[in-house]
Amino acid sequence: MIQAETLELLEWSRVCQHLSTFAATKLGAIAAQHLKIPTDQEESLTLLAQTQEVYELESRLTSGLSFEGISDIGESLERAERQGLLSGKELLDIALTLAGMRHLRRVIDGQPELVVLNELIADLRTYPDLEQEIHHCIDERGDVTDRASPKLGGIREQQRHVRDRVYTVLQSILQRKANAIQEHLITQRSGRFVLPVKAPQKDAVPGIVHDTSMSGATLYVEPHNTVNLNNQLRQLERQEQAEIELILRGLTEKIAAVQADLERLLAIATTLDLATARARYSLWLGANPPRFIPWSQSEAESADPITLRQLRHPLLVWQQQHEQGRAVIPIDLVIQPSIRVVAITGPNTGGKTVTLKTLGLAVLMAKVGLFVPAREPVELPWFDQVLADIGDEQSLQQSLSTFSGHIRRISRILAALQPGQVAREMGEVGDLGLTSQTSSLRSLVLLDEVGAGTDPSEGSALAIALLNHLADHAGLTIATTHFGELKALKYQDSRFENASVEFDDVSLGPTYRLLWGIPGRSNALTIAQRLGLDQAIVEQAQTFVGGASQEVNQVIEGLEAQRRRQETKSQEAAKLLEQAERLHQQVSRKAEILQQRERDLQVAQEQAVQVAIAQAKAEIAKVIRHLQQGSPTAQEAQQATEQLNQIAAQHLPSRKPKPEVPKGFRPQVGDRVRIPRLGQTAEVLTAPDQDQELTVRFGLMKMTVSLDDIESLTGEKPVKPEPKSKASGEPDKRTQKEAGTLPPPAPPVIVRTAHNTIDIRGSRVADAEPMIEKAISEALGGAVWIIHGHGTGKLRQGVHAFLQHHPLIDRYELAPREEGGSGVTIAYVR
């Protein structure tokens with residue numbers, strides 16, 4: 001069968017061998033080595049779903065799926081069915097396999113989203129009672145235990161009693177006849193206890209001689225005193241063996257009664273182990289799950305292309321990892337659905353044959369449920385057949401030349417594409433819902449050096465005819481060639497496409513990269529020179545090359561150079577895009593952090609307002625209770641009214657009309673402002689100009705913004721500059737404040753309480769600042785009394801410097817003498 005030849009040419013058996021190393025059981029390893037390739041797409045989809053679910057399950061488990069205890073019990077089940085007798089070790093293996101499968105089922109049952117795996121184990125029966133009975137009768141060494149039956153326990157008790165009597169008699173003889181004994185020990189010959197006696201003194205120990213040493217100096221004698229006892233032991237041993245066989249027979253019959261369920265259990269274990277091996281091998285390869293796409297001429301416009309980017313040869317990956325091979329250079333395969341034939345050209349040793357094998361293995365791996373070692377997305381058709389002619393078919397025994405060998409194999413490929421042959425080799429086509437035509441059009445054909453090995457003109461003509469035939473009768477054909485005529489087929493038939501393996505003109509060697517849309521140059525003379533051929537011969541050969549051929553090679557070389565420049569620019573653009581995306585993410589994260597801070601500040605302010613309202617209610621209640629005590633005078637009523645007004649002014653600032661543009665906020669150089677439309681906090685670099693614009697900086701960026709685009713950190717909009725008619729000699733109030741020359745305005749009536757008074761005496765400025773900040777946030781619209789004491793004045797100066805630059809502080813002043821004088825500072829909060 002040509003399919004078997006193709007698997008051998010693609011080295012499929014090596015992939016299966018590598019897969020088997022990831023299996024946990026002997027059954028799984030054997031199944032992996034003889035991997036069956038599915039004959040319909042539904043089976044491949046099921047296998048891929050199993051691999052995907054095991055892949056996800058193992059990523060959640062700390063140690064992965066465990067197949068501990070599960071062994072190959074197939075031969076034991078077959079012998080039990082044929083009424084054979086299972087040994088204790090075989091029965092123990094069955095019990096351990098049942099326990100191992102029960103553990104696996106428990107793990108999968110705990111993941112209800114794994115639909116395919118749960119469906120696989122839905123009918124699994126593990127017979128815990130049978131497992132428990134086996135463990136009751138068989139110990140961990142596979143021997144039948146004394147508790148297996150009362151009779152067996154009694155027989156073994158008698159054996160121990162008789163054996164003790166034999167040892168007692170023989171020990172007595174060893175002591176009494178020490179001179180006649182060759183070595184002071186008791187041993188066995190033919191299942192009977194004997195003593196090693198010196199040959200010259202055999203009469204000293206009368207008995208039966210059972211054996212002699214190689215030198216003849218030692219006789220193994222059974223004394224007459226122990227003959228009867230040894231006979232009793234032999235009888236008890238036969239009774240023991242009969243009882244053991246009876247116990248094993250009973251357990252074997254119970255195994256035979258459920259043999260069908262255990263066969264099913266063994267098949268499920270093999271399926272799970274194989275799926276686990278596929279998942280682990282795929283993870284090791286760094287592979288991704290494939291998606292099967294439709295592939296037909298009628299759906300060419302709507303179908304997706306074959307997409308295999310960064311595709312790697314799995315055997316080369318293994319060679320690199322385990323055999324210190326060269327680094328694997330991935331290839332990109334993107335084939336449009338309208339394409340039926342791809343002609344790959346380029347120099348020898350450039351990677352054309354490896355490309356054919358890599359694609360063939362990728363298709364086979366997807367069919368058997370393996371992930372494909374390529375970058376996502378992995379999209380390719382489900383091909384009924386993979387047919388290949390790769391390598392040299394020359395055979396001296398069959399009198400086949402290279403050309404003849406290729407033609408024989410291509411003939412078998414063409415025969416496999418015939419409807420009748422497809423039906424015979426793929427099974428019943430009708431059951432798959434495929435017509436003969438669609439079945440042949442879902443075949444992948446791989447041809448290496450098509451038309452080679454004969455006269456170039458005839459070989460080229462034959463190759464063109466063959467590829468035209470395959471374009472009509474195969475789903476996709478990939479062919480490598482050196483014939484220049486095949487490069488021109490693309491421009492005659494839209495179903496053809498060119499590709500080439502890249503050649504580095506600087507290093508004079510192939511890069512193993514696959515280029516699409518550009519035919520390749522063979523570079524035979526260049527490669528010959530690189531491999532050491534005489535320079536004079538190469539130069540003379542160059543003169544024989546036709547001018548037209550040189551012109552074509554120059555055009556191709558120009559196209560390759562242009563493509564390299566485009567790729568370089570594309571890579572640079574990709575880097576810039578990545579940097580821009582990274583910067584956008586950073587800015588977005590900072591904006592989100594600022595928004596969250598703003599929300600937290602708003603919540604804190606709301607909480608502070610609620611606390612202030614509660615305090616105001618308590619103080620109002622105190623005033624009311626004071627008025628209710630006795631008969632109030634007019635003076636007391638006036639005082640109570642004033643106190644209520646003070647409380648309202650302190651705790652209910654929301655009752656005051658809020659101007660749209662708060663007075664007093666003028667952005668100055670060095671101030672921190674917020675730019676809401678950018679979500680950024682910036683530093684003011686220049687004061688507003690005549691056009692009401694100013695320069696700000698955030699991060700490393702400077703920009704000019706309008707006054708309407710900024711606000712203070714407390715959400716206030718800036719005040720527009722005063723008109724020029726204002727007296728130039730009038731000093732700026734904020735400047736006076738910063739200079740300390742602005743006379744303080746009349747203080748509002750604010751009641752000092754324990755809640756708005758903090759004592760920071762004895763603290764350092766750095767330690768006191770968080771305390772002051774907290775007090776300010778809790779006293780919005782009010783005032784804070786800060787007790788810092790007199791001392792050296794350093795703490796007071798640090799407090800004043802902190803208040804001077806705080807955005808929430810409207811002004812501050814020393815307290816009156818009766819409230820502490822220069823030892824207390826009153827800070828008025830906006």
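First, the ground rules. The model is predicted, so local features need pLDDT of at least 70 and side-chain atom pairs count only at pLDDT 80 or more, while totals for chains, interfaces and linings use all residues. Residues are numbered from 1 along each chain as its sequence is written, and side-chain values use heavy atoms, with hydrogens and water left out.

Let me start with the whole chain. The chain has 25 helices and 22 strands; these are DSSP runs, with helices being H or I of at least four residues and strands E of at least two, numbered from the N terminus. Of its 830 residues, 42% count as buried. Buried means under 20% relative accessible area, exposed means over 50%, and partly exposed is in between, with a 1.4 Å probe and protein chains only. For contacts, the cut-off is heavy atoms within 4.5 Å. Among contacts between residues at least 6 apart in sequence, 67% join residues at least 24 apart.

Now the aromatic rings. A pair of rings is described by the distance of the centres and the angle of the planes. Rings of Phe, Tyr and Trp (for Trp, the six-membered ring) pair if their centres lie within 6.5 Å; planes under 30 degrees apart are stacked, over 60 edge-to-face, and the rest tilted. By this rule there are six aromatic pairs. One of them is Phe22 with Trp284: the centres are 6.2 Å apart and the planes are at 55°, so the pair is tilted. Which parts of the chain do Phe22 and Trp284 tie together? Phe22 is in the loop between α2 (12-20) and α3 (26-33), and Trp284 is in helix α11 (residues 259-285), so the pair ties together parts 262 residues apart in sequence. Phe22 is buried, at 18% relative accessible area, whereas Trp284 is partly exposed at 28%.

A second pair is Tyr55 with Phe371, whose ring centres are 5.5 Å apart and whose planes are at 45°, so this pair is tilted. Tyr55 sits in helix α4 (residues 41-60) and Phe371 in the loop between α13 (352-367) and β9 (375-380), which puts the two 316 residues apart. Tyr55 is partly exposed, with 26% relative accessibility, and Phe371 is buried, with 2%.

Back to Phe22 for a moment. Ring pairs join Phe22, Tyr281, Trp284 and Trp318 into a cluster.

A charge sits over a ring if NZ of Lys or CZ of Arg is within 6 Å of the ring centre and within 35 degrees of the ring normal. Arg189 lies over the face of Tyr220, 4.0 Å from the ring centre. The charged end of Lys367 sits over the ring of Trp382, at 4.4 Å from its centre.

Next, a helix packing. Helices α5 (residues 74-81) and α10 (residues 227-257) pack at about 100°, with their axes 8 Å apart. Axes are lines fitted to C-alpha atoms over the stretch in contact, and angles run from 0 to 180 degrees between N-to-C directions. That makes α5 roughly perpendicular to α10; under 35 degrees is roughly parallel, over 145 roughly antiparallel, 65 to 115 roughly perpendicular and the rest oblique. On α5 the contact uses Leu77, Ala80 and Glu81, and on α10 it uses Thr252, Ile255 and Ala256.

Then the backbone. Most residues other than glycine have a negative phi, and most peptide bonds are trans. Glu376 and Pro377 are joined by a cis peptide bond, with omega about -5°, and Pro377 lies in strand β9. Gln310 is not a glycine but has a positive phi of about 55°. Gln310 is in strand β6 (residues 306-311) and is partly exposed, at 33%. Glu449 also has a positive phi, near 55°, in the loop between β11 (443-447) and α17 (456-473).

Last, Ser443, in strand β11. Is Ser443 buried or exposed? Ser443 is buried, with a relative accessible area of 0%. Beyond its neighbours within four places in sequence, Ser443 contacts Phe383, Gln385, Leu417, Ala474, Gly475 and Leu476.
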